[in-house]
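I opened the model today to look up a few things. My notes follow in the order I checked them.

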Amino acid sequence: MNTLGIVTIGQAPRDDIVALFAAQAPPGTKVVLRGALDGLSDEEVDALPPLNGADTLYTRLRGGRDVKISKQAVIARSPAALARLRADGCDAIVYACTGEFPPMEGDAGVLFPSRVLSGIAEGLLPRGRLGLLVPFAEQGEKLATKWARNGVDVIVEALVPSASPEVATAVARRLAATRPDLVALDCMSYAPPIKTAVKAEVKVPTLLAITATGRVLRELLDDG
């Protein structure tokens, strides 16, 4: 039986993330999730606010609270979470965040969803207009720069992953008015119902980070 390790930038448990990855993994795969913020109280988490837009990450804490957290604080705590998954004997490990991260201790062979999404987007959209959904407006400039490349215009809209389908539909309508050729949901906390609501409005291929990454992991873990 394979064991899949997941690092979340928030806290365990995250049954929603575990369930989505388990659905993509080969049958019988054991899924173990560790959080970069495990062991911290709410007060300690609140003491790690982002320094600016470029330092802003979105995550959901134990109990379901949405927070903005400092990316640098997450980077500092991630090697310990990776080490715990190595000790768990994981056959594959995914770092469940779509942000770009510098080399970290223990990250050899770890799958980073940002690389999966960018690779798919480059293959599907060599030129044209990319619609990008991000959790917070203050992330827009930084993430638009991350996705920008020659021949591709990036249009950004902000949508908190915990938003209702009705709110997602309203945001998607604004995005649809810009006539994107492809849409990417740039956060691991976006779930399939959000993708469904968005795609119904934009009517173009729409990339969901967690399922796209899950399908790559299935390829890594599947013996067939």
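**Overall size**

I started with the radius of gyration, taken over C-alpha atoms. The protein has 17 Å, and this agrees with the value near 17 Å that a compact globule of 224 residues would have. The rule behind that globule is 2.2 Å times the number of residues to the power 0.38. I noted that this is a predicted model: local features need pLDDT of at least 70, side-chain atom pairs count only at pLDDT 80 or more, and totals for chains, interfaces and linings use all residues. Residues are numbered from 1 along each chain as its sequence is written, and side-chain values use heavy atoms, with hydrogens and water left out.

Next I took the box along the principal axes. The C-alpha atoms fill roughly 50 × 45 × 35 Å. I then read off 8 helices and 9 strands. These are DSSP runs numbered from the N terminus (helices H or I, at least four residues; strands E, at least two).

Of the 224 residues, 50% count as buried. Buried means under 20% relative accessible area, exposed means over 50%, and partly exposed is in between (1.4 Å probe, protein chains only). For contacts, I used heavy atoms within 4.5 Å. Of the contacts with a separation of 6 or more, 67% come from residues 24 or more positions apart.

Is Gln-11 buried or exposed? I found Gln-11 buried, at a relative accessible area of 0%. Gln-11 sits in the loop between β1 (3-8) and α1 (15-24). Leaving out residues up to four places away in sequence, Gln-11 touches Gly-35, Leu-37, Asp-38, Leu-40, Val-45, Arg-60, Leu-61 and Arg-62.

I checked the side chain of Gln-11 for polar contacts. Such a contact is a pair of N or O atoms within 3.5 Å; within protein, one must be able to donate a hydrogen and the other to accept it, and residues adjacent in sequence count only if both atoms are side-chain atoms. A polar atom of the Gln-11 side chain lies 3.0 Å from the backbone oxygen of Leu-40. The backbone nitrogen of Arg-62 is also 3.0 Å from a polar atom of that side chain.

Pro-13 is in the loop between β1 and α1. The peptide bond from Ala-12 to Pro-13 is cis, with omega near 0°.

I also looked at Thr-8, which lies in strand β1. Thr-8 is buried, with a relative accessible area of 2%. Beyond its neighbours up to four places away, Thr-8 touches Arg-14, Ile-17, Leu-33, Arg-34, Gly-35, Ala-36, Thr-59 and Ala-96.

**Leu-37**

I followed the contact from Gln-11 to Leu-37. Leu-37 lies in the loop between β2 (30-35) and α2 (42-46). Leu-37 is buried as well, with a relative accessible area of 0%. Setting aside neighbours within four places in sequence, its contacts include Ile-9, Gly-10, Gln-11, Val-45 and Leu-61. Ile-69 and Arg-77 are also among them.

**Helices α6 and α7**

How do α6 and α7 pack? I found an angle of about 35° between helix α6 (residues 165-176) and helix α7 (residues 192-202), with the axes 8 Å apart. Axes are lines fitted to C-alpha atoms, for helices over the stretch in contact, and angles run from 0 to 180 degrees between N-to-C directions. The crossing is right-handed: the near helix is turned clockwise from the far one by less than a right angle.

From α6, I listed Pro-165, Ala-168, Thr-169, Ala-172, Arg-173, Leu-175 and Ala-176. They meet Ile-194, Ala-197, Val-198, Glu-201 and Val-202 in α7. By class, this contact has 9 nonpolar, 1 polar and 2 charged residues. Here Ala, Val, Leu, Ile, Met, Phe, Trp, Tyr, Cys and Pro count as nonpolar, Asp, Glu, Lys and Arg as charged, and the others, Gly among them, as polar.

**Positive phi**

Arg-179 has a positive phi of about 60° although it is not a glycine. Arg-179 lies in the loop between α6 and β8 (182-185), and is exposed at 68% relative accessible area.

Lys-203, not a glycine either, has a positive phi of about 55°. I placed Lys-203 in the loop between α7 and β9 (206-208). Lys-203 counts as exposed, at 64% relative accessibility.
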